[in-house]
Amino acid sequence: MYLETLALEIHAKKAGWRVVKPPIVAGTSGKYHEFSLLATDGACRYGFDIHAEVTRACVVRTQVKKLDARV
C-alpha cells in the first residue's frame with residue numbers, strides 16, 4: 001500500500017495541495033484520526049484511506065472519520 005500512498009501524494013502535490021505529515025487530525029469528538037494521506041489546498045482538508053481489501057466496515061470507518069475530522 002506504500003506505493004499507492006506515494007502515488008496519491010505525488011498527484012496531490014501536482015494539484016498544488018500541501019501534504020500533511022503525520023496524517024493525523026483531531027476530530028470534533030476529541031478523538032484523533034489517522035488517514036493514509038491527508039492534504040490541504042488552504043481552504044479544505046482532504047483525507048484518504050487506502051485499504052488492501054475494501055469491505056463495508058472499511059467504508060463506514062473511513063466515512064465516520066471524515067465526518068468527525070471534517071475532511
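## An aromatic cluster

Trp17, Tyr46 and Phe48 form one aromatic cluster. The model is predicted. The count of aromatic pairs comes to 2. In one of them, the rings of Trp17 and Tyr46 have centres 4.2 Å apart. Their planes meet at 5 degrees, so this pair is stacked. Trp17 sits in the loop between helix 1 and strand 1 (18–20), while Tyr46 belongs to strand 5, so the pair ties together parts 29 residues apart in sequence.

Trp17 also pairs with Phe48. Here the ring centres are 6.4 Å apart and the planes are at 20 degrees, so this pair is stacked too. Phe48 lies in strand 5, so its pairing with the loop residue Trp17 links parts that are 31 residues apart in sequence.

How accessible are these rings' residues? Trp17 is partly exposed, at 24% relative accessibility. Tyr46 is partly exposed at 25%. Phe48 is partly exposed at 26%.

Strand 5 (residues 45–48) runs antiparallel to strand 4 (residues 37–40). The two are joined by 4 bridges.

Together the strands make a hairpin, with 4 residues between them. Gly42 is in the turn. Its phi is positive, at about 100 degrees.

## Asp49 and its contacts

Asp49 is found in the loop between strand 5 and helix 2 (56–69). Its side chain makes two polar contacts described here. One reaches the side chain of Thr62, at 3.0 Å. Another reaches the side chain of Lys65, at 2.8 Å.

Which residues does Asp49 touch, leaving aside those up to four places away in sequence? They are Glu34, Phe35, Ser36, Thr62 and Lys65.

## Cysteines

A disulfide is a covalent bond between the sulfur atoms of two cysteines. This structure holds 0 of them. Cys44 is partly exposed, with a relative accessible area of 38%. Cys58 is buried, at 8%; the cut-off for buried is under 20%.

## Confidence

The mean pLDDT of the protein is 94. Of its residues, 100% reach 70 or more.

Which elements have the lowest and the highest mean pLDDT? Helix 1 (residues 2–14) has the lowest, at 92. Strand 3 (residues 32–34) has the highest, at 97.

Technical notes: Residues are numbered from 1 along each chain as its sequence is written. This is a predicted model: local features need pLDDT of at least 70, side-chain atom pairs count only at pLDDT 80 or more; totals for chains, interfaces and linings use all residues. Side-chain values use heavy atoms; hydrogens and water are left out. Two strands pair if DSSP finds at least two bridges between them. pLDDT is the predictor's confidence in each residue, from 0 to 100. A disulfide is a pair of cysteine sulfur atoms within 2.5 Å. Buried means under 20% relative accessible area, exposed over 50%, partly exposed in between (1.4 Å probe, protein chains only). A polar contact is a pair of N or O atoms within 3.5 Å; within protein, one must be able to donate a hydrogen and the other to accept it, and residues adjacent in sequence count only if both atoms are side-chain atoms. Contact means heavy atoms within 4.5 Å. Rings of Phe, Tyr and Trp (its six-membered ring) pair if their centres lie within 6.5 Å; planes under 30 degrees apart count as stacked, over 60 as edge-to-face and the rest as tilted.
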